[in-house]
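Here is a short report on one protein model. Look over the sequence and the fold, then read on.

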Amino acid sequence: MSEELTADNPESWVSGLDALFAQIAGRFRRVEPRRQARSYVLGLLAPIERKSSWQLAEAAGDGRPDRMQRLLGSARWDPREVREDLHGYVVEQLGRNGGVLVVDDIGFAKKGTRSAGVQRQSSGSSGRPENCQIGVFLGYATRRGLALADAELYLPRSWTEDRDRCARAGVPADVGFATRPALAQAMVARALEAGSPARWVAADEVYGQAPAFRRYLEDRRLGYVMAVQGHQPLPVGYGDTGPRADEVAAAAPPEAWKRLPARTDGDARWQGEWAVATLLAFAEDDIGGLDGGPGGLGEEDAFACWLLVRRPARGNGDRLDYHLCHGPAGTAVGQLVRVARACRTVGDALRAAKEDVGLDQYQVRRYDAWHRHVTLAMIAHAHLAAVAARAAGPPPQASAAPRRGGAVIWHI
């Protein structure tokens, strides 16, 4: 872009958005929906209290919400194709250095039973069962920020086993049941097919306890940092699952715990001490899951599996945080912590997207309309992320390559 996107240059907000829409313009077959989509996104970015179709139409100068509703309903455009281009824009704006694909889900509270995927279910945003829809999101994070790049609506079995109900909510006939980790895997696959430069994936406990998702990432030679619960068994050797995460952490010697100089932004979630233990090491030829045979850590193509544990600072509780990690042997502890931190960051981004760009302020029930609104909200969110990244200045220099070393149990 020729013009800097900064908070001190309001005109750049609109010109920057035009540059973004230039990248996705080809996904709209007609001029009218393309223009309406731009108006919709501008409305999501506007300081209006409620971002329903009526309010967005008023912000666009329309007397009625018909055009906005048609954009979400009958207009011809594929939100998945738009998100493909959105991912490219996000990488371009946030940079290719140190990219992490981050998975998280969030609940959208709803009344009634007609909205696609709605039922009483556990929601990550509220921490308790409620009547809601659940969206699974994929973000792209670097040191310059994080933006949402892909999304899927989770459909419980109560929906996918009732095809008449699905048809009434606009769910395509070929969409069957998929777990949240399976939806995450599909989004990671799409990102890689689109040329994502990310070499790490971060996710919370829902995904950390899914062996098939972890195995997929291992097969693709992607590093990951997945939150796990204390009672989760850990891989410690060929074909074995060993002690629980909390049992391994309890055996850590005092000298294994260290405070890291990593940036925490004053967030209490990242204050405390960290310890890391090597669980398993294997060579590239053995990659195919954490059940792969051990390989030589001295090889440049060697991979390893670790348990990363955080002990909160005094006064911030006594609950340990556990992360199952996989990546190139010799990866620095600070790198693992940075990837773990990205997992928390996407949750913050989702909550901010609700507040700033009306991610949850839709009045649609259909499966396709949900994806269309959410895609347009992600465009608005990506635009804000680009503004913030460019205002912060040039990206930092690439950090030095991690040191390679031999196998250890606890890193002292």
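Buried means under 20% relative accessible area, exposed over 50%, and partly exposed in between (1.4 Å probe, protein chains only). Helices (H or I, at least four residues) and strands (E, at least two) are DSSP runs, numbered from the N terminus. An α-helix has 3.6 residues a turn, so residues three or four places apart point the same way. Contact here means heavy atoms within 4.5 Å.

Arg221 follows α10, and its phi is positive, near 60°. Arg221 has this positive phi although it is not a glycine. The residue sits in the loop between α10 and β6. Arg221 counts as partly exposed, at 45% relative accessibility.

## Basis of the model

This is a predicted model: local features need pLDDT of at least 70, side-chain atom pairs count only at pLDDT 80 or more, and totals for chains, interfaces and linings use all residues. Residues are numbered from 1 along each chain as its sequence is written, and side-chain values use heavy atoms, with hydrogens and water left out.

## Overall make-up

The protein has 13 helices and 11 strands. Of its 412 residues, 52% are buried. Among contacts with a separation of 6 or more, 68% join residues 24 or more positions apart.

The protein exposes about 18,700 Å². Carbon and sulfur atoms supply 48% of that area. Accessible areas come from the Shrake-Rupley method with a 1.4 Å probe; for residues, only the protein chains shown count as cover.

## Cysteines

How many disulfides does the structure hold? The number is zero. A disulfide is counted when a pair of cysteine sulfur atoms lies within 2.5 Å. Cys132 is buried, with a relative accessible area of 0%. Cys343 is also buried, with a relative accessible area of 11%.

The largest cavity holds about 30 Å³ of space. A cavity is a set of points, on a 1 Å grid over the protein atoms alone, where a 1.4 Å probe fits but cannot get out; lining residues have an atom within 4 Å of a point. Grid points are joined across faces, edges and corners, and a volume is the space filled by probe spheres set on the points.

Which residues line the largest cavity? They are Tyr40, Lys51, Ser52, Ser53, Leu72, Gln361, Tyr362, Gln363, Val364 and His373. The lining divides into four nonpolar, five polar and one charged. Ala, Val, Leu, Ile, Met, Phe, Trp, Tyr, Cys and Pro count as nonpolar, Asp, Glu, Lys and Arg as charged, and the others, Gly among them, as polar.

Val364 lies in the loop between α12 (333-357) and α13 (367-391). Val364 is buried, with a relative accessible area of 15%. Leaving aside neighbours within four places in sequence, Val364 is in contact with Leu72, Ser115, Ala369 and Trp370. Val364 and Ser52 are 312 residues apart along the chain, yet their C-alpha atoms are separated by 9.7 Å.

## Two helix residues

Arg83 belongs to helix α5 (residues 79-94). Is Arg83 buried or exposed? Arg83 counts as buried, at 4% relative accessibility. Not counting residues up to four places away in sequence, Arg83 touches Ala149, Asp150, Ala151, Glu152, Arg190, His371, Thr375 and Met378.

Glu193 is in helix α8 (residues 180-193). Glu193 counts as exposed, at 67% relative accessibility. Glu193 and Glu84 are 109 residues apart in sequence and 9.7 Å apart in space, C-alpha to C-alpha.

## Two loop prolines

Pro156 is in the loop between β4 (145-154) and α6 (157-160). Pro156 is buried, with a relative accessible area of 2%. Beyond its neighbours within four places in sequence, Pro156 is in contact with Gly117, Gln119, Gln121 and Phe177. Pro156 and Thr179 lie 23 residues apart in sequence and 8.2 Å apart in space, C-alpha to C-alpha.

Pro254 lies in the loop between α11 (245-250) and β9 (272-282). Pro254 counts as exposed, at 69% relative accessibility. From Pro254 to Ala275 there are 21 residues in sequence and 9.5 Å in space, C-alpha to C-alpha.

Notes. 1 Å grid on protein atoms, 1.4 Å probe; cavity = no way out; pocket = protein on both sides within 12 Å on 5 of 7 lines; lining within 4 Å.
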